[in-house]
Amino acid sequence: MSVTPDLAITVNGMKFENPFVLGSGPPGTNGKVIARSYDLGWGGMVCKTFSLDASKVINTAPRYAKLRGRQSEEVIGFQNIELISDRPYQDWLDDLRQLKQSYPTKILIASIMEEYRKDAWQQIVREVQGTGVDGFELNLSCPHGLPERKMGMAMGENPDIVEEVVGWVKEVATIPVWAKMTPNVGNPTVPAAAALRAGADGIAMINTILSVCGVDLKTLRPMPTVEGHSVPGGFSGQAVRPIALRQVMEVAPAFADR
């Protein structure tokens, strides 16, 4: 008689059918895409980051660049200058509520980002947890995400702000809270420690690495180029893995007793 192995794990009280979880990004763009990932067997999903006001998010095109191997055309990394979701906030609330109704045994983590305002963070937490999601990921780490509003990495690279914002969230959150940290700091244990001091239930590592993927030798413009302009963006892909593993290795032992 064959026996199906049990791959279930429990993290912060959340029971995952298996330990395979898709991080925030294109696979979590909307409810239909997330549902497709569940149908393919993924145990959990972190939706693409969203905020209360989608009107301030303007995604450009093109917004991706590829890094290829020197001896082949194999893509070993991507750079993106994509911001958080530009879908309306109410659409996200509807999608999250429907997903939990349709897939009650699947874990759904809401990735959220807000400005440096207590009322905004606490509003989005109260309203989103009302949809039935299982946990939160606080995006304190997007390397190019609206820094003029002190959002993303501009927030996560400052341990004092990290501790303050996580504290605001924990005052009203009734479900687990993970702080997603930026790799673009000298010592990743410092902001991670600030998040844990404020009560974060877990640390998510890492976000993308600030980079310029290349230069177009015909135009001498950095890639990706939008109407002749560009900005450093987030690097991802297999080339990032060694850096990610190094930072996880540094952070994990520092908080092993938690």
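Biologist: What makes β6 (residues 75–80) and β14 (residues 233–236) a pair of strands?

Modeller: Keep in mind that this is a predicted model. In it, β6 and β14 are joined by three bridges, in the antiparallel sense. Pairing takes at least two bridges, so these strands qualify.

Biologist: Which sheet do they sit in, and in what order do its strands come?

Modeller: It's an open sheet of four strands, in the order β5-β6-β14-β11, with antiparallel pairing.

Biologist: What makes β5 (64–68) and β11 (209–211) edge strands?

Modeller: Each of them pairs on one side only. The sheet also twists, by an average of 35° from one strand to the next.

Biologist: Which residues of α3 are buried, and what do they pack against?

Modeller: Ala-120, Trp-121, Gln-122, Ile-124, Val-125, Val-128 and Gln-129 are buried. They pack against several elements, including α2 (89–102), β7 (107–112) and α5 (159–172).

Biologist: What makes Val-128 stand out in the largest nonpolar core?

Modeller: That core has 46 residues, and Val-128 and Phe-50 touch the most other members. As for where the core comes from, α5 gives the largest share, seven residues. Skipping neighbours within four places in sequence, the contacts of Val-128 include Phe-50, Tyr-89, Leu-93 and Phe-136.

Biologist: What makes you call α6 mostly covered?

Modeller: Seven of its nine residues are buried. Among them are Thr-189, Pro-191 and Leu-196. Their cover includes α4, α5, β9, β10 (202–204) and α7 (241–254). Just past the end of α6, Gly-199 has a positive phi of about 110°.

Biologist: Now the charged groups. Why is the contact between Glu-82 and Lys-48 called a salt bridge?

Modeller: The N to O distance is 2.8 Å. The limit is 4 Å, so the pair passes. It's one of 14 salt bridges in the structure.

Biologist: What does the pair of Glu-82 and Lys-48 tie together?

Modeller: Glu-82 is in the loop between β6 and α2, and Lys-48 is in the loop between β4 (44–46) and β5, so parts 34 residues apart in sequence are tied together. Both residues are buried. They also belong to a network of salt bridges with Arg-63.

Biologist: How do you know that Glu-115 and Lys-56 form one too?

Modeller: Their closest N and O atoms are 3.1 Å apart, and that is within the 4 Å limit. Glu-115 comes from the loop between β7 and α3 and Lys-56 from the loop between β4 and β5, so this pair ties together parts 59 residues apart in sequence. Again, both are buried.

Biologist: And what about the salt bridge of Lys-170 with Asp-201?

Modeller: There the closest N and O atoms are 3.0 Å apart. Lys-170 is in helix α5 and Asp-201 is in the loop between α6 and β10, 31 residues apart.

Biologist: Why is Lys-170 called partly exposed?

Modeller: Its relative accessible area is 27%. Buried means under 20% and exposed means over 50%, so Lys-170 falls in between. Asp-201, at 33%, is partly exposed by the same test.

Definitions and conventions. Residues are numbered from 1 along each chain as its sequence is written. This is a predicted model: local features need pLDDT of at least 70, side-chain atom pairs count only at pLDDT 80 or more; totals for chains, interfaces and linings use all residues. Side-chain values use heavy atoms; hydrogens and water are left out. Buried means under 20% relative accessible area, exposed over 50%, partly exposed in between (1.4 Å probe, protein chains only). Contact means heavy atoms within 4.5 Å. Axes are lines fitted to C-alpha atoms, for helices over the stretch in contact, and angles run from 0 to 180 degrees between N-to-C directions. A nonpolar core is a set of buried Ala, Val, Leu, Ile, Met, Phe, Trp, Tyr and Cys residues joined through side-chain atoms within 4.5 Å. A salt bridge is a side-chain nitrogen of Lys or Arg within 4 Å of a carboxyl oxygen of Asp or Glu.
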